[in-house]
Amino acid sequence: MALSLSKGQNLSLSKTDPGLKNILIGLGWDARATDGQDFDLDASVFLLAESGKVRSDADFIFYNQLQSGCGSVVHTGDNRTGEGDGDDESVKVDLAMVPTDVQRIAITVTIDKAEEKRQSFGQVSNAFIRIVNEATGAEVVRYDLSEDYSTETAMVFGEVYRHNGEWKFKAIGQGYAGGLKAMCHQYGINI
Amino acid sequence: MTVLSPGANAPLPSGDLTVLIRHGMIPGAEIDVSTFLVTGTGKVRSDADMCFYGQPSVAGGAVALAGASGGETRFTVAPSRIPAGVERVIFTATIHENRGTFGQLSEMEVQVGVLTGKIPCSGRTETALILAEVYRRNGSWKIRVVGQGFNGGLAALATHLGVEIAEPAPTPAPSPSPAPAPAAPPSTVNLSKVSLTKQNSTVNLQKDDGRFGKIRVNLNWNQKAQKTGLFSFGSSNIDLDLGAFVEMRNGNRSVVQALGNAFGGFGTPPFVKLLGDDRTGAVTDGEWLEINGDKWADIDRILIYAFIYEGVPNWQQTDGVVKIIVPGQPEVEVRMNEFGDKRGMCAVASLENSNGQVRVSREVTFHKGHKEMDSSYGWGFRWTAGSK
């Protein structure tokens, strides 16, 4: 059984799984079982410098730009329904390839057209983020968010970040109003 | 007061809870509020985990329907008594026979103590909604406001929650012969309601062992103050009283009603008991009679009536309805909707012992008083004027 973190906790990935080179960040949620418009959740990744901002728009990985400029981060594509077990969307990161001036990798999920559809994270069941060792398929750490959200339409699920020469993961669970646009603004992407 | 939007959750205070659902009313449609006790898989363990008008107390009383009227439904929840294995108590609203949508309401509210969940409804197409859920989290209980549902009404909701629903009663065809109630398979919850009308005035309720459990009879009516005229300053509350004539197999006859303090008895003859008389308006779910259906073999016939103790009879505004709830049987409903009569007494329904079955017939005949009703039904009591 993999380690499970609560909101705010962090874990050293390098110590927990010393052989970790390539990680798969899996994001999941349950498709709605009730009637009404489907939830379309989109995962986006921001590569952040020390300043907490992206270095350029090439550091924003999302459904229309599935790979970072540096090539270290690859988004495997949009899942429109949340159907199926396991990860609904995933992002692969080659840790060794991440540019040295990238301090943090923020993994976020936003609900597409949330305001128009009157949807929020509180209506999404069993959302989680997990880090998997891509080479072994072993889950290193997981964070279940279901109690930590309510009316948010955009959330930072977690961060993978450098700390004293190692990689760590932090369960963030921080929500924002205003969807992906607000998230981009926060991280210095001009839309 | 803390307002919760759909999706929001909050911890609940410890101890027993009262959950008040303000669902309002939809003209021409009836809103039923039910709760479901579900496990971690989101399904009920059995049909005994559904708390609704036909099964008002579940899990040994841990969750109970405490009353419904005037667009509000109240439940009591005792979290400490909820069985292990039940992870969530789900509160739902459904529109009977999908005769409307929740879009006809502006919003619904779920209130527990200082927490109020507000569910916007305009534009909705659903006819069944999950309003909120009370759930376990790390050893304590929380509430989440949900506001999601189904266009397919109760049937779709019940399937989602793992409840098997008995087929609804066939649409009654106009026929002079009594239509027997469909016998529900024992493993399913019977959600059908039988409305007795002029055309379809009788239903037979059958049980193999002849023991019907606690038969509950409810009289409810529009208790709102009514103005007596366009320029009138006065207004009066309507006080309707529920009562019954009971005749035993051995020929003994009794009257059960608040007038004269004849409240009857449940464990002792006449096995019919009136539960208090509310004249304060504090009880919003009307008046209740209980019939000891396990003693049905000793009972020959019961005539259920309503009378206006004070005020001018206006049966149209009163809009009274009597519901007869027999455990495991379709709920039987009789509306006092023969309007325009100024007489203050209405014989609503009769229950007859017909070879061990309970034969329920709609009466809805109006009379000046007890004596006149007595003579038209051939009971033969002796009457004197009385007061409460």
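What percentage of the contacts in chain A with a separation of 6 or more comes from residues 24 or more positions apart? Such residues account for 67% of those contacts, two residues being in contact if their C-beta atoms, placed from the backbone, lie within 7 Å.

Before the first selection, note that this is a predicted model, in which local features need pLDDT of at least 70 and side-chain atom pairs count only at pLDDT 80 or more, while totals for chains, interfaces and linings use all residues. Residues are numbered from 1 along each chain as its sequence is written, and chains are lettered from A and ligands numbered from 1 in the order in which they are written.

**Chain A as a whole**

Select chain A. Its secondary structure comes to 3 helices and 12 strands; helices (H or I, at least four residues) and strands (E, at least two) are DSSP runs, numbered from the N terminus. Of the 191 residues in chain A, 42% are buried. A residue is buried if 20 or more other C-beta atoms lie within 10 Å of its own, exposed if 12 or fewer, and partly exposed in between, with C-beta atoms placed from the backbone.

The mean for chain A is 89, and 95% of its residues reach 70 or more. Among the elements of chain A, strand β11 (residues 154-163) has the highest mean pLDDT (96) and helix α2 (residues 114-117) the lowest (84).

Select A:Lys113, in the loop between β8 (104-111) and α2 of chain A. Phi of A:Lys113 is near 55°, a positive value in a residue other than glycine. A:Lys113 is partly exposed, because 13 other C-beta atoms lie within 10 Å.

**The open sheet of chain A**

Now display the strands in the order β1-β10-β9-β3-β7-β6 (chain A): they form an open sheet of 6 strands with mixed pairing. Two strands pair if DSSP finds at least two bridges between them. At the edges stand β1 (3-5) and β6 (73-75) of chain A, each with a single partner strand, so one side of each has no neighbour in the sheet. From one strand to the next, the twist averages 20°, taken between N-to-C directions on a scale from 0 to 180 degrees, with axes as lines fitted to C-alpha atoms.

Select A:Val73 to see A:Val93 in β7(A) opposite.

**Where the chains meet**

Show both chains. Here 12 residues of chain A are in contact with 14 residues of chain B. The chain A side has 2 nonpolar, 7 polar and 3 charged residues; Ala, Val, Leu, Ile, Met, Phe, Trp, Tyr, Cys and Pro count as nonpolar, Asp, Glu, Lys and Arg as charged, and the others, Gly among them, as polar.

**Three stops in chain B**

Select B:Pro11, found in strand β2 (residues 9-11) of chain B. B:Pro11 is exposed, because 11 other C-beta atoms lie within 10 Å. Not counting residues up to four places away in sequence, B:Pro11 touches B:Ser140 and B:Lys142. B:Pro11 and B:Arg136 are 125 residues apart in sequence, yet 9.8 Å apart in space, C-alpha to C-alpha.

Move to B:Asn138, in the loop between β12 (128-137) and β13 (140-150) of chain B. Phi of B:Asn138 is near 50°, a positive value in a residue other than glycine. B:Asn138 is exposed, with 7 other C-beta atoms within 10 Å.

Finally, select B:Pro270, in the loop between β22 (264-265) and β23 (272-275) of chain B. A cis peptide bond joins B:Pro269 and B:Pro270, with omega about 10°.

Conventions:
pLDDT is the predictor's confidence in each residue, from 0 to 100.
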